[in-house]
Amino acid sequence: MSQITVIEHLLYHQKESPMATGRFTRLLSEMILSGKIINQEVNKAGLVEILGLTGETNVQGEKVRKLDEFANHVLEHRLQRAGVLCALASEEKADLITIPKDYPQGDYILIFDPLDGSSNIDANVSIGTIFSIFRRTSPSHEPVTLADVLQRGAEQVAAGYMIYGSSTMLVYTTGNGVHGFTLDPSVGEFLLSHPDIRTPKFGKIYSANEGYWHYWDEATRKAITYFKNPDNERHQVYSSRYIGSLVADFHRNLLYGGIFLYPADKRDPKHPHGKLRLMCEANPLAMIVEQAGGLATDGINRILDIQPAELHQRVPLVIGSYDDVSRVREFMLRDAA
Ligand code: P6P
């Protein structure tokens with residue numbers, strides 16, 4: 001395959017993608033550079049004093065790791081100055097981050113999880129950066145508000161993730177298919193490696209943390225039992241694969257086929273809707289999986305149809321191969337009836 005960079009690919013498909021404006025290309029370029037910088041630190045984390053905890057907790061009540069903080073700083077610092085955003089929102093920060101008045105303003109809004117899966121950093125497990133891009137809904141000359149940000153996932157203009165694993169990849173969509181690029185360290189560029197990714201209609205993998213079985217509702221247990229039962233209607237023997245790093249679990253299932261479930265559970269009364277965040281995790285991955293032919297729900301409702309009420313709201317997530325996610329929805333609907 002000839003060496004095609006992300007920007008070349010974006011410009012080549014310019015006719016199909018209204019997104020290939022100069023400002024979007026600049027936004028994506030800054031995301032790419034941020035990913036390369038974060039990747040450098042992740043790759044040598046074990047060697048420098050950047051592993052471990054900062055001693056602080058984030059808005060999610062989770063311990064902040066030094067690499068989390070580093071990744072968040074790189075993205076905030078670079079993207080605030082890029083002249084293409086009117087606001088950012090980070091999984092690590094409680095409030096919307098506006099662009100300082102003396103910086104050039106833009107009309108895009110970037111929502112991101114700077115380093116998802118970071119609890120696995122010290123064990124050298126693949127982790128990632130997830131991002132979601134909207135266009136503001138209010139006029140450019142007015143101050144940006146939360147109403148500009150709290151849009152349904154179906155309104156995203158682009159979504160993607162970078163996965164820092166055995167190789168470093170960028171996977172993104174602007175609504176014209178899903179495309180994967182692998183970082184070639186010898187040239188320092190993400191090169192097209194997975195054009196037009198399509199996820200299999202059904203898979204052979206299910207991913208869920210079965211340690212929470214006793215906290216799940218009956219419909220969730222029936223769904224998991226279905227995947228564990230070789231006499232299921234497809235007579236398909238599924239393998240259980242759960243890394244505990246959303247980007248890594250999602251990426252594997254996207255390429256191989258399969259289903260990832262993080263259902264609501266009764267462990268934490270503060271989080272009756274599960275652990276994962278709608279705006280910076282579920283929405284971007286839902287746009288990607290649907291563009292690749294898959295499906296993402298909260299068990300019943302399409303993720304991309306959910307109207308957010310708050311920036312950090314959590315949502316149960318069932319995502320992956322279309323037929324597998326549809327099967328879970330049938331269990332949930334039957335139970336809800
Ligand atoms: P649990 C990582 O902390 C994360 O947010 C996701 O990357 C991952 O899918 C999930 O939590 C794992 O959560 O409760 O199974 O350890």
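Let's start with the layout: the chain splits into domain 1 (6–194) and domain 2 (205–336), with bounds from an automatic or database domain assignment. This is a predicted model, where local features need pLDDT of at least 70, side-chain atom pairs count only at pLDDT 80 or more, and totals for chains, interfaces and linings use all residues. Residues are numbered from 1 along each chain as its sequence is written, and side-chain values use heavy atoms, with hydrogens and water left out.

The C-alpha centres lie 23 Å apart. Domain 1 gives 48 residues and domain 2 gives 33; contact means heavy atoms within 4.5 Å. About 2,900 Å² is buried between them, 64% of it from carbon and sulfur atoms. That is accessible area lost on putting the two parts together, summed over both (1.4 Å probe). There are 2 salt bridges between the domains, defined as a Lys or Arg side-chain nitrogen within 4 Å of an Asp or Glu carboxyl oxygen.

Next, the sheet. It is open, with 8 strands in the order 4-3-5-6-7-8-9-10 and mixed pairing. Strands are DSSP E runs of at least two residues, helices H or I runs of at least four, numbered from the N terminus. Pairing takes at least two DSSP bridges. Strand 3 (residues 85–90) and strand 5 (residues 108–116) run parallel, joined by 5 bridges. Ser90 stands opposite Phe112 in strand 5.

Last, helix 6. Of its 11 residues, 9 are buried, so the rest of the structure largely encloses it. Buried means under 20% relative accessible area (1.4 Å probe, protein chains only). Among them are Phe250, His251 and Arg252. Just after helix 6, Gly257 has a positive phi of about 95 degrees.

Note on methods
Buried < 20%, exposed > 50% of the residue type's maximum accessible area, 1.4 Å probe, protein only.
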